[in-house]
Amino acid sequence: MTLIIAKIIVFLFLANFDTTQGAVLDIKAFGGAPNSNIRQAFTSAWTQACASTTPAKIVIPAGTYQLTGIDVKGPCKAPIEIQVDGTIKSPPNPADIKAVTQWVKFGYLDRLTISGKGVFDGLGATAWKQNDCHKNKNCKMLMMNFGFNFVNNSIVRDITSKDSKNFHVNVLACNNFTFEGFKVIAPDESPNTDGIHIGKSTDVKVLNSNIGTGDDCVSIGDGCKKITIQGVNCGPGHGISVGSLGKYDTEEPVEGLLVKNCTFTKTDNGVRIKTWPNTPGSITVTDMKFEDLTMNNVRNPIIIDQEYCPWNHCSKESPSKIKISKVSIKNVKGTSKSKEGVILICSRGVPCEEVDMTNVDLTFNGAPAIAKCANVKPVIKGKAPACVASA
Ligand SMILES: *[C@@H]1O[C@H](CO)[C@@H](O)[C@H](O)[C@H]1NC(C)=O
Ligand SMILES: *[C@@H]1O[C@H](CO)[C@@H](O)[C@H](O)[C@H]1NC(C)=O
Ligand SMILES: *[C@@H]1O[C@H](CO)[C@@H](O)[C@H](O)[C@H]1NC(C)=O
């Protein structure tokens with residue numbers, strides 16, 4: 001009798017375990033063989049996962065695969081995890097990709113997880129040579145490795161994005177989205193290969209990740225709220241950037257950024273806020289916290305640039321209308337590659353307010369780096385360079 005009851009209990013336990021675990025969908029079962037294009041196999045597995053009323057897991061096992069692009073959308077009935085342990089390669093020629101702007105594109109989802117040791121290789125080298133955006137305003141838009149659009153409560157864990165043709169990841173209109181243990185790899189000279197670009201999103205976290213690429217490590221566009229970047233190593237690349245902002249009068253404010261315990265190695269910038277002069281945008285940028293940062297040979301470790309004008313394509317006649325306030329810079333140490341370790345060039349139209357610097361200890365060639373400032377009066381606490389007026 002007790003044995004029968006024990007068996008029933010064991011049976012019930014296993015049955016319950018099975019339903020919470022949900023279906024495991026190996027792309028092999030959908031015809032996704034190594035060294036073949038897994039576009040169709042993935043799409044079929046996704047259709048089944050998305051219809052499942054219990055959590056489903058799609059598995060791409062170790063091996064090398066080709067992928068001409070995927071574009072999947074919810075809503076789905078239950079959480080979906082995609083575990084990638086293989087290396088997935090994009091066609092090197094942008095013309096051979098089936099996707100429109102993003103090679104691996106997800107939209108309108110709740111509770112998506114992407115995990116595993118896998119690598120998404122954008123094979124960008126050919127495309128980078130075609131990038132002429134620095135001189136051609138109507139340049140062709142190259143493919144990004146990943147697009148997450150309108151995706152909530154989701155996680156990207158451990159996987160690697162390599163050699164994207166354009167941005168590695170674009171996060172648009174997402175809520176509660178976390179990158180953890182994420183890796184980005186591309187050479188220093190690859191153009192426009194931002195690691196993670198975040199736009200119009202709330203509560204996005206980038207944690208314990210390594211991002212080495214040719215452009216911004218993480219860039220934060222308009223309409224972002226409550227962004228956390230913590231335990232991230234940036235380099236090579238252009239550092240962590242808010243903006244550029246102000247180009248359009250339709251932009252939304254940026255509110256709440258914490259960059260904490262990050263290391264920047266040989267990057268152009270450490271942390272930066274950049275806004276265009278002579279443009280219509282007039283949003284506010286507020287509540288920016290930069291703390292516990294290490295700079296290793298960084299050209300501009302801390303920079304607010306409200307006269308941002310790359311390639312001198314714009315006029316500085318009228319000042320930026322973007323109002324920056326509540327910026328706190330705390331415990332920053334290391335080496336600067338230029339004499340001005342801190343540059344705070346605020347708008348003469350709307351000066352920066354409530355900026356404070358606490359314990360900023362940067363050296364240039366062994367001597368303390370200086371701070372160059374305009375239209376801002378930072379409150380200085382502890383050891384930090386006093387402002388020298390900008391010429
Ligand atoms: C994501 O969250 C936003 C804000 O809460 C909500 O409006 C939207 O419908 C959600 N999207 C999905 C796909 O669940
Ligand atoms: C955020 O997303 C994670 C991952 O899906 C989830 O565990 C957590 O409950 C979500 N947080 C909120 C406040 O919904
Ligand atoms: C800082 O970030 C590193 C990852 O770069 C992590 O290993 C370390 O535990 C973090 N330290 C603190 C105090 O959070």
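## Ligand 3

A polar side-chain atom of Asn261 lies 2.4 Å from an oxygen atom of ligand 3, which is a polar contact here (a pair of N or O atoms within 3.5 Å; within protein, one must be able to donate a hydrogen and the other to accept it, and residues adjacent in sequence count only if both atoms are side-chain atoms). Gly231 approaches ligand 3 as well, with a backbone N or O atom 3.4 Å from an oxygen atom of the ligand.

## About the model

This is a predicted model, in which local features need pLDDT of at least 70 and side-chain atom pairs count only at pLDDT 80 or more, while totals for chains, interfaces and linings use all residues. Residues are numbered from 1 along each chain as its sequence is written, chains are lettered from A and ligands numbered from 1 in the order in which they are written, and side-chain values use heavy atoms, leaving out hydrogens and water.

## Ligand 1

Which residues surround ligand 1? They are Tyr108, Leu109, Asn152 and Asn175. By class, this shell has two nonpolar, two polar and no charged residues (Ala, Val, Leu, Ile, Met, Phe, Trp, Tyr, Cys and Pro count as nonpolar, Asp, Glu, Lys and Arg as charged, and the others, Gly among them, as polar).

Asn152 brings a side-chain N or O atom to 2.3 Å from an oxygen atom of ligand 1. For Asn175, a polar side-chain atom lies 3.5 Å from a ligand oxygen. Ligand 1 exposes 360 Å² when taken alone, and 37% of that is buried by the protein.

## His238, an annotated position

The UniProt annotation "active site", from an unreviewed entry, covers His238; UniProt positions are given in the numbering used here, feature names are shortened, and annotations may be inferred rather than shown by experiment. You can find His238 in the loop between β20 (233-234) and β21 (240-245), with strands (E, at least two residues) taken as DSSP runs and numbered from the N terminus.

Because its relative accessible area is 22%, His238 counts as partly exposed (buried means under 20%, exposed over 50%, partly exposed in between, with a 1.4 Å probe and protein chains only). Not counting residues up to four places away in sequence, His238 touches Gly214, Asp215, Asp216, Asp268, Asn269 and Arg272, contact meaning heavy atoms within 4.5 Å. With Gly214, a polar side-chain atom of His238 lies 3.2 Å from the backbone oxygen.

Thr193 sits in the loop between β14 (183-185) and β15 (196-199). Thr193 is buried because its relative accessibility is 0%. Its contacts beyond four places in sequence include Trp128, Phe167, His168, Gly214, Asp215 and Asp216.

Thr178 belongs to strand β13 (residues 175-180) and is buried at 12% relative accessible area. Beyond four places in sequence, Thr178 touches Ser154, Ile155, Val156, Lys205 and Leu207.

Thr279 lies in the loop between β23 (269-275) and β24 (284-298) and is buried, at 13%. The side chain of Thr279 reaches the backbone oxygen of Trp276 at 3.2 Å. Leaving aside neighbours within four places in sequence, Thr279 is in contact with Gly246, Lys247 and Lys321. Thr279 and Ser318 are 39 residues apart in sequence and 8.1 Å apart in space, C-alpha to C-alpha.

Key: Helix = DSSP H or I, 4+ residues; strand = E, 2+ residues; numbered from the N terminus. Near = heavy atom within 4 Å. Areas by Shrake-Rupley, 256 points an atom, 1.4 Å probe, with all protein chains shown as cover.
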